[in-house]
Amino acid sequence: MAELFAYTDGACSGNPGPGGWGALMIAREGGKVIKERPLSGGEPLTTNNRMELLAAIGALESLSRDSEITVVTDSQYVKNGVTTWIHGWKRNGWRTAQKKPVKNEDLWKRLDAAQARHNVTWAWVKGHAGHPENERADELARAGMAPFKAGK
């Protein structure tokens, strides 16, 4: 049976500014890549954290059936948020420990719903450190941002 991976990344030119997200979907069997699917998108005025979240959401929402998947992100914000912080936020009515509204609540709720359909393992890799799939996700994120940058 194939193993499914999503390598995700977000990019922003200015923060806030035009941004993009990318996800490289890879199916491997016996360690060999049997299928790849690139995904990307962007927005004219956004933040890096929103793009990181949308990359993971885009990957999970692209799956047509319930799946077992490893989502690999270079964002500690996404990984820690979805594996640890979200439980307290939900308990506290989407408030932080300091009783402030959770930033990007709309996307956290969307990510929570998207992952609920699947058996997701979350993994973190250091960004811009030569990890081939993470570098490709970064390229996709920058391509998603390109139409929204000035002069395009």
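Author: The charged end of R28 sits over the ring of F5, 4.8 Å from its centre. This is a predicted model, where local features need pLDDT of at least 70 and side-chain atom pairs count only at pLDDT 80 or more, while totals for chains, interfaces and linings use all residues. Residues are numbered from 1 along each chain as its sequence is written, and side-chain values use heavy atoms, with hydrogens and water left out.

Reader: What makes a charge sit over a ring?

Author: NZ of Lys or CZ of Arg must be within 6 Å of the ring centre and within 35 degrees of the ring normal. R28 is placed over F5 at 4.8 Å.

Reader: Why is the pair of W85 and W89 called tilted?

Author: Rings of Phe, Tyr and Trp (its six-membered ring) pair if their centres lie within 6.5 Å; planes under 30 degrees apart count as stacked, over 60 as edge-to-face and the rest as tilted. The centres of W85 and W89 are 6.1 Å apart and the planes stand at 50°, so the pair is tilted.

Reader: What makes F5 and Y7 stacked?

Author: Their planes are 20° apart, with 6.1 Å centre to centre.

Reader: Why is W85 called partly exposed, and why does W89 count as buried?

Author: Buried means under 20% relative accessible area, exposed over 50%, partly exposed in between (1.4 Å probe, protein chains only). W85 has 36% relative accessibility, so W85 is partly exposed; W89 has 11%, so W89 is buried.

Reader: Which residues do ring pairs link into a cluster?

Author: The cluster consists of Y77, W85, W89, W94 and W108.
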